[in-house]
Amino acid sequence: MIFNWFRAIILMAIIGLLGVAGFYWFETENSGVDFSFDITEAIAVGKPFDIFVNVANNSGNVLADAQLTLILPEGVVLAGEPEEKNVSNKTLGDVGVGGTNSQSFKLIVLNGLNSVKTLEAVMVYANGSSRFEESKIFDLLVEESALDLKIEVPEKALSADDFEIKIFYKNNSDVKIDNMELNIDYPPVFKFSQAGLSPDEGN
């Protein structure tokens with residue numbers, strides 16, 4: 001009787017070990033999904049740029065019905081899309097063993113010079129009847145601005161005297177900036193007199 005119980009315990013232990021080993025192998029086979037991000041230029045506020053999200057299947061299984069999602073932080077938008085849209089989805093289909101897939105996204109940074117914007121890429125895929133998810137984050141360093149703005153004011157101004165403010169702006173990018181607006185706020189004690197270009201609204 002004791003021998004039979006001992007043999008049963010040993011058998012259960014072997015089955016348990018085989019189950020753990022099988023699970024580990026399955027997880028290892030499905031964990032070889034790699035992401036990388038490519039950007040070909042410095043990031044500037046206000047200038048559209050392309051970012052490439054590359055997926056490599058280094059697992060031993062086909063990544064079936066793969067879907068790629070790019071999630072944008074506040075202050076980064078998809079070019080040509082409403083500012084409220086901060087998610088872009090793309091269908092990759094099946095990615096074979098050892099296969100790769102690269103998707104491009106055209107983005108614009110709206111604000112945050114000398115800041116870091118964090119993007120997240122998420123891929124969902126099927127293996128058999130199960131679905132899996134892999135994700136990776138990427139930090140964008142915003143180092144430049146597409147537009148330079150400079151203001152010149154007098155060192156001092158006497159009450160009731162007119163004085164002049166000069167505003168200079170320059171497009172540092174290689175793309176045309178459309179529909180640019182210049183807004184100036186000044187204290188209530190100041191009175192607007194005139195400008196080189198007549199204001200479209202307010203004064």
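Modeller: Happy to! E41 and K47 form a salt bridge, with 3.2 Å between the closest N and O atoms. Before going on, note that this is a predicted model, where local features need pLDDT of at least 70, side-chain atom pairs count only at pLDDT 80 or more, and totals for chains, interfaces and linings use all residues. Residues are numbered from 1 along each chain as its sequence is written, and side-chain values use heavy atoms, with hydrogens and water left out.

Biologist: Why is the contact of E41 with K47 called a salt bridge?

Modeller: The term asks for a side-chain nitrogen of Lys or Arg within 4 Å of a carboxyl oxygen of Asp or Glu. The closest N and O atoms of E41 and K47 are 3.2 Å apart, so the pair qualifies. D174 belongs here too, as E41, K47 and D174 are linked in a network of salt bridges.

Biologist: Is K47 buried or exposed, and how do you know?

Modeller: Buried means a relative accessible area under 20%, exposed means over 50%, and partly exposed is in between (1.4 Å probe, protein chains only). K47 has 15%, so K47 is buried. E41, with 30%, is partly exposed.

Biologist: How many salt bridges does the whole structure have?

Modeller: The search finds seven. One of them joins K150 and E152, whose closest N and O atoms are 3.9 Å apart, so this pair also meets the distance rule. Relative accessibility is 48% for K150 and 35% for E152, and both values fall in the partly exposed range.

Biologist: What makes D65 and R131 a salt bridge?

Modeller: Their side chains meet at 3.4 Å, N to O, and that distance is within the limit. The pair links distant parts of the chain: D65 is in strand β4 (residues 63-71), R131 is in strand β9, and they are 66 residues apart. Strands here are DSSP runs of E with at least two residues, while helices are runs of H or I with at least four, numbered from the N terminus. D65 is partly exposed at 38%, and R131 is partly exposed at 44%.

Biologist: What is the phi of D65?

Modeller: D65 has a positive phi of about 50°, although it is not a glycine. Most residues other than glycine have a negative phi. N179 is another such case, with a positive phi of about 55°. N179 lies in the segment after β11 and, at 75% relative accessibility, counts as exposed.

Biologist: How do you know that β4 and strand β8 (residues 115-127) are paired?

Modeller: Two strands pair if DSSP finds at least two bridges between them. Six bridges join β4 to β8, so the two strands pair, and they run antiparallel.

Biologist: Let's turn to the aromatic rings. How many pairs are there?

Modeller: Rings of Phe, Tyr and Trp (its six-membered ring) pair if their centres lie within 6.5 Å; planes under 30 degrees apart count as stacked, over 60 as edge-to-face and the rest as tilted. By this rule there are three aromatic pairs. In one of them, F37 and F138 have ring centres 4.8 Å apart and planes at 15°, so they are stacked. F37 lies in strand β1 (residues 33-39) and F138 in strand β9 (residues 130-145), so this pair ties together parts that are 101 residues apart in sequence. F37 is buried at 10%, whereas F138 is partly exposed at 23%.

Biologist: Why is the pair of F163 and F190 called edge-to-face?

Modeller: The ring centres are 5.5 Å apart and the planes are at 80°, so the pair passes the distance rule and falls in the edge-to-face class. F163 is in the loop between β10 (147-152) and β11 (166-171), F190 is in the segment after β11, and they are 27 residues apart. F163, at 37%, is partly exposed, and F190, at 38%, is partly exposed.
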